Amino acid sequence: MNRSGAYATFFVGHFFFGIPIAIGVEVTKGQEVTPVPLGPKEVAGFFNLRGHIVTAIDMRIRLGMPPLARDADTLSIFFQDQDHLFALLVDRVGDFTEVTADTFEETPSNLDVNARELIVGVHKLADKLLLVLDTHKIVSGINLVQN
């Protein structure tokens, strides 16, 4: 894992997360999600983004937090994993942040097990911790067919 680089940042609850922008990050608001009957609980549903079917993952549920009502103001952060598009439904979007290897530390052992399995490390910033997510681990185990 590269310990430095640029990250798209966002909040889920009071946690501050980042994913590498190198995976093709895009942020949108207000996508209408079509629920998936009998789908995995962390999958909020699907939606169409410029002709591509996108799996929407509710990050609150994926991290073991209580869900929030989603509406037209719901924010989505898109990325690609193995030729499939995914969207993370998040509480609030941050900025694009550049970090260096000297601020990186291994994942703290005191994090909740639901979060720890998805986090590859943290960056100690001046005013908060940036929890770096492994996007492949977020989507692994979600077995839905995509076009």
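Two strands count as paired if DSSP finds at least two bridges between them. Strands themselves are DSSP runs of E with at least two residues, numbered from the N terminus. With that in hand, let us walk through the model. It is a predicted one, in which local features need pLDDT of at least 70 and side-chain atom pairs count only at pLDDT 80 or more, while totals for chains, interfaces and linings use all residues. Residues are numbered from 1 along each chain as its sequence is written, and side-chain values use heavy atoms, with hydrogens and water left out.

E1 and E2 make a hairpin with 2 residues between them, and Gly13 in the turn has a positive phi of about 65°. How enclosed is E1? Of its 8 residues, 7 are buried, so the strand is largely enclosed by the rest of the structure. Buried here means under 20% relative accessible area, exposed means over 50%, and partly exposed lies in between (1.4 Å probe, protein chains only).

Stepping back, these strands belong to an open sheet of 6 strands in the order E8-E1-E2-E11-E10-E9, with mixed pairing. Strands E8 (92-99) and E9 (104-105) stand at the edges with a single partner strand each, so one side of each has no neighbour in the sheet. Further along the order, E10 (residues 119-124) and E11 (residues 129-133) pair in the antiparallel sense over 5 bridges, with His123 bridged to Leu130 in E11.

Now for the other sheet. This open sheet has 5 strands in the order E3-E6-E7-E5-E4, and its pairing is mixed too. Its edges are strand E3 (26-29) and strand E4 (43-49); each has a single partner strand, so one side of each is left without a neighbour in the sheet. From one strand to the next, the twist averages 30°, where axes are lines fitted to C-alpha atoms (for helices over the stretch in contact) and angles run from 0 to 180 degrees between N-to-C directions. For a parallel pairing, look at E5 (residues 52-58) and E7 (residues 84-90), which are linked by 4 bridges; Asp58 stands opposite Leu89 in E7.

The aromatic side chains deserve a visit as well. A search of the whole structure finds 5 aromatic pairs. Rings of Phe, Tyr and Trp (its six-membered ring) pair if their centres lie within 6.5 Å, and planes under 30 degrees apart count as stacked, over 60 as edge-to-face and the rest as tilted. Phe15 and Phe17 form a tilted pair, 6.2 Å centre to centre with 45° between the planes. Phe15 is partly exposed at a relative accessible area of 29%, whereas Phe17 is buried at 1%. Phe79 and Phe86 have ring centres 5.8 Å apart and planes at 25°, so this pair is stacked; both residues are buried.

Finally, which charged ends sit over rings? Among them are that of Arg92, over the ring of Phe11 at 3.9 Å from its centre, and that of Lys128, over the ring of Phe16 at 4.8 Å from its centre. The criterion is that NZ of Lys or CZ of Arg is within 6 Å of the ring centre and within 35 degrees of the ring normal.
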